[in-house]
Structure formats: C-alpha cells, structure tokens
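I opened a notebook for a structure that was new to me.

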Amino acid sequence: MTAAGAAAAPVRRPAAAPLGPMAEPAPGRTVALDLVAAERPRSLPCFGGRTLPLWTFSETDVLPVVRMRLGDRLRTRLVNALPRAGEHTSIHWHGIRLPNAEDGVPYLTQPPTAVGASHTYDFEPPDTGSFFFHTHCNTAEQLGRGLAGLLIVEGDETEPYDGEVVLAMRDWRIGEDGGFLPFLTDRGASGAGSFGTVRSVNGAPFAAATVPALADVRLRLYNIDASRVVTVGIEGAEAAVVAVDGVAVAPFPLAAWTLGPAMRVDVVVRTPAAGGRAVVHDLRPAKPVVLATLSAEGPAVRAGAFDPAPLRRARIPEPDLGAAERLPFAVSTTATGAAVGASLGDGPALPGIDDLCLSDRTFWAINKAAWPADGHRSLPPPLAVLRRGATYVIELANTTRHIHPIHMHGHTVKVLSSNERPLPVHHADTVLLYPKERVEVAFVADNPGDWMIHCHLIEHQETGMMGYVRVA
Ligand code: C2O
Ligand code: CU
C-alpha cells in the first residue's frame with residue numbers, strides 16, 4: 001500500500017472492499033490542552049433547574065470535546081484544583097494505545113496528582129476514532145460528579161460524511177434534596193451498579209439535533225455512564241455501524257447495538273427528507289427511551305441508495321492465532337475475606353498509598369484475585385506476564401449473574417467469538433460480558449508496560465474486579 005499517496009488522492013471505493021485503506025498519520029501539530037480539575041457549580045438542562053457542585057476539567061464545558069487529527073500530538077497539562085484535601089486525581093485516555101507512562105493509572109503508571117499539583121501527559125494517538133478520557137482515581141465519585149471529556153481523533157473518513165452529531169450518554173445521581181446521592185453503594189457495587197436518577201445526553205434529557213436532509217450523517221455514540229447499559233436503535237432512518245470503540249468495521253446495518261459503560265459506536269444514518277425526523281432510542285428499558293431526535297432540514301444532499309462509505313482501516317497489528325497463547329480470565333464474585341486473603345500477592349509496598357483510589361470493599365475478582373490486596377498497601381502481582389510481540393487469546397469467562405464491560409488498557413483487542421451470541425468481527429477496548437457468557441478476544445502484546453484490565457462498571461472496578469497484565 002502506498003500510504004502517503006493514497007491519503008492524498010481522492011479515494012474511490014472498490015465495490016467489494018469492506019474497509020477503506022489504512023489510516024496513516026500525516027505529520028501534524030501539537031495540540032495543547034489545559035485541564036483544571038475543579039468544582040464548578042452548574043445547572044445542566046437535565047438537572048431541571050437545580051445547580052449541582054460538578055467536578056469538571058474545563059471552565060467552559062462540563063464535558064470538553066477535544067478534536068485532533070491523526071498525526072497530531074496531544075500535550076495536556078492537568079492541574080488538580082479539587083476542593084477536598086487528599087482528593088488526588090489522574091487522567092486515563094480510554095482506548096488510546098499510548099506509552100505506558102501516559103496511561104494515567106495512579107500508582108501503577110504514575111504517582112497520583114495531588115491537590116495543588118500538576119501533571120503533563122504527552123503522546124501522539126496512533127489511531128483515529130471516538131475516544132474519551134476520565135479520572136482513574138476515586139472514579140465512582142470523580143466521574144459521578146463529571147470528570148470526563150471526549151477525545152476525537154479525525155482522519156478516518158474515506159469520503160467525508162455530510163454531517164456529524166456527537167451523543168454522550170450518562171446518568172447523574174441526584175437525590176430528592178437536589179444534592180448528589182452516594183456514588184458507591186454496597187448494594188450497587190455488589191449488584192448491577194448504582195444507577196443515576198437522572199439520565200442525560202449531552203447534558204439534556206435528550207439531544208435535539210438538526211441535520212441535512214437525505215444525507216449520510218455520522219453519529220458518535222458514547223456511553224460514559226458508570227453503570228448503565230444502553231441498547232441503541234434508530235427509528236425513521238436507515239443506519240449502519242461503521243466503527244466500534246473507534247475502530248472501523250465493515251459497515252453493517254444497525255438493528256440494535258448494546259453499549260456497556262465506556263463503550264462507543266459510530267453509526268452513519270441516511271437522514272429523512274426535509275421535515276422528517278429520525279429518533280435514536282435506548283431499546284433496553286421496557287419502554288424505549290428517546291436519546292436523540294434528528295430533524296432533517298434543507299435541500300436533499302444525496303439521491304442514491306444508502307451505502308455508507310467505510311472508514312479507514314486501523315493500524316492495529318493482526319493477531320497470529322496459530323501461534324497464540326491462551327489466557328483464561330474468569331471474572332467472579334469474591335464472597336469472603338478468606339478468598340480475598342488467599343489471593344494476596346507479595347507485591348512491593350507502596351509508600352504513601354492511601355485508601356482514596358480504592359474502596360474498602362471487595363466483592364469481585366479476576367482469576368480469584370481481588371484488587372486491591374492487603375488493605376491497599378501493595379500492588380498485587382500481575383495477572384499474567386506477556387511476551388512483547390506475542391499473540392494472546394484471552395478467554396473471558398463471566399461466572400456471575402451480572403453484566404461486566406471488561407476494559408483493557410494499552411491494547412485494542414479483536415473480538416473473536418462468544419458462546420452465546422453471533423458477533424460481527426470487530427475490535428474493541430471494552431468488551432461486554434453477559435451473565436455466564438464466555439468471549440474470546442485476541443491481541444498482539446506489542447505495548448510494553450503494566451496495563452490494567454478491569455470492569456468498567458465503576459463500582460465493580462472499585463470493589464475488586466481489576467487487575468493488570470505486564471508486557472515485558
Ligand atoms: Cu476507561 Cu481503566 O478505564
Ligand atoms: Cu462488572
């Protein structure tokens with residue numbers, strides 16, 4: 001493939017090509033981002049007139065949206081101005097295959113950023129796509145209060161679509177008195193999560209977007225909630241999935257696509273004729289919930305049948321399945337302290353570690369090891385030590401009655417199969433495991449360092465369902 005030429009020339013898609021040519025970075029610029037984690041009281045449309053003491057990264061936006069091109073560098077200065085003594089923080093760049101030192105996991109990849117301190121993250125995202133960032137410390141509360149943002153790396157469109165709408169879904173835990181409810185509860189943490197009382201899309205009860213008529217419009221759908229699983233369906237328009245977790249897939253019709261916490265999907269819709277409306281629903285509740293309305297306006301943009309242009313292929317190394325080593329990872333409940341005690345490793349003691357990043361409760365485990373071990377004073381040993389460059393097949397087995405979105409840092413996995421449902425071939429950084437389901441994923445361990453693997457139902461993560469692999 002002559003990458004540079006292909007990127008510059010207009011791309012015509014051969015009928016049989018399921019994906020565009022590989023996305024190649026062009027020499028870019030450095031995007032400077034200043035984030036100040038602080039309390040900022042805000043009244044969002046979804047709050048119904050109430051003002052809540054949100055914690056956000058940006059003075060101007062509750063959910064900042066950072067856009068850059070493939071080939072650009074992102075240099076972020078994070079200042080911790082949170083209002084509570086000891087409330088250290090960090091930023092994890094979810095889904096980005098970045099160098100380990102930039103991964104934002106306190107104690108594992110960096111010291112936590114104390115109140116009053118700052119930390120700089122500097123990396124060039126290697127992939128295009130719909131990513132996001134969030135704190136990785138006291139996450140139930142810090143994310144619950146708002147600390148997150150979206151990171152969109154452009155450069156994946158083979159033919160530009162006619163418009164784009166970003167939809168970020170999350171709940172807020174607001175009590176009768178108008179204040180926040182506890183972000184972590186024993187009941188939620190040991191069950192399906194503490195759901196929010198107020199749902200939102202882009203800070204409103206639902207998003208109302210105006211789109212060009214009879215046009216191919218890209219939707220970037222994000223589930224950034226800590227607990228809620230959403231099943232996206234679209235009524236009143238043809239729609240196709242073009243990317244999962246930011247990675248291009250050969251376009252396939254969208255019937256319903258389920259997003260666990262932290263999962264994303266990019267969809268292209270052929271919008272209705274002028275005056276028409278398409279509706280994005282969450283089909284999971286008994287009565288579907290409206291997430292967005294797309295109202296079509298203006299002259300028709302396209303005439304032919306709906307055949308959305310595919311995105312460019314990602315530069316993710318192809319696993320060598322013939323040579324793969326298999327790693328069974330079972331997620332389970334940890335009922336007793338004895339079981340937790342038996343799983344303790346003899347990792348190094350961490351000076352200065354405290355309980356803030358880690359809950360005292362351990363309800364969950366991966367391969368019978370619950371995080372954190374030993375009263376949070378030591379890192380457990382890695383779940384596995386992987387050989388750099390080798391292919392691994394992780395057999396994710398859910399032995400529990402609950403759903404778990406399992407997220408791996410630093411790598412994007414190829415989802416191979418489920419024992420319960422047909423899955424299109426796709427890549428992901430977060431894989432939803434249904435109760436008792438087993439899913440196999442493969443990846444090349446090409447990124448050296450210690451990488452978290454954990455449930456992204458944040459209360460599960462904070463009550464034990466977390467570990468790491470070491471790529472050496
Ligand atoms: Cu989005 Cu370790 O998480
Ligand atoms: Cu879980």
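What follows is my set of entries on this predicted model.

**Ground rules.** I number residues from 1 along each chain as its sequence is written, and I letter chains from A and number ligands from 1 in the order in which they are written. As this is a predicted model, local features need pLDDT of at least 70, side-chain atom pairs count only at pLDDT 80 or more, and totals for chains, interfaces and linings use all residues, while side-chain values use heavy atoms, with hydrogens and water left out.

**Confidence.** I looked up pLDDT, the predictor's confidence in each residue, from 0 to 100. The protein chain has a mean pLDDT of 90, and 89% of its residues reach 70 or more. Over residues 1–16 the value is below 50, and this stretch has 15 contacts (heavy atoms within 4.5 Å) beyond near neighbours in sequence. Residues 336–359 also stay under 50, and there the model has 53 contacts beyond four places in sequence.

**The chain as a whole.** The protein chain comes to five helices and 32 strands. Of its 472 residues, 58% count as buried; buried means under 20% relative accessible area, exposed over 50% and partly exposed in between, with a 1.4 Å probe and protein chains only. Among contacts between residues at least 6 apart in sequence, 77% join residues at least 24 apart.

Histidine 404 counts as buried because its relative accessibility is 0%. Cysteine 455 counts as buried because its relative accessibility is also 0%.

**Empty space.** Rolling a probe the size of a water molecule over the atoms shows where empty space is left. The search uses a 1 Å grid over the protein atoms alone: a cavity is a set of points where a 1.4 Å probe fits but cannot get out, a pocket is an open set with protein on both sides within 12 Å along at least five of seven lines, and lining residues have an atom within 4 Å of a point. Grid points are joined across faces, edges and corners, and a volume is the space filled by probe spheres set on the points.

How much space lies in the largest pocket? I noted about 290 Å³. It is lined by 17 residues, and Leu19, Ala248, Arg313, Val425 and His427 are the closest to its centre. The elements giving two or more residues to this lining are β16 (247–253) and β28 (426–428), with the largest share, five residues, from β16. By class the lining has 12 nonpolar, two polar and three charged residues. For these classes, Ala, Val, Leu, Ile, Met, Phe, Trp, Tyr, Cys and Pro are nonpolar, Asp, Glu, Lys and Arg are charged, and the others, Gly among them, are polar.

I then turned to cavities: the whole structure has six of 30 Å³ or more. Of its 15 lining residues, Gly144, Arg173, Ser194, Asp225 and Ala226 lie nearest its centre. Elements that give two or more residues to it are α2 (139–144), β10 (163–172) and α5 (458–461), and β10 gives the most, three.

**Tyrosine 121.** This residue is in strand β7 (residues 118–123). Tyrosine 121 is buried because its relative accessible area is 0%. Leucine 74 is 47 residues away in sequence, yet 7.7 Å away in space, C-alpha to C-alpha. Leu74 is also among the residues that tyrosine 121 touches, as are Trp93 and Glu102.

**Positive phi.** Most residues other than glycine have a negative phi. Asparagine 138 has a positive phi near 45 degrees and lies in the loop between β8 (129–134) and α2. Aspartate 245 has a positive phi of about 50 degrees and lies in the loop between β15 (238–244) and β16. Asparagine 138 is buried at 11% relative accessibility, and aspartate 245 is buried at 2%.

Notes
Helices (H or I, at least four residues) and strands (E, at least two) are DSSP runs, numbered from the N terminus.
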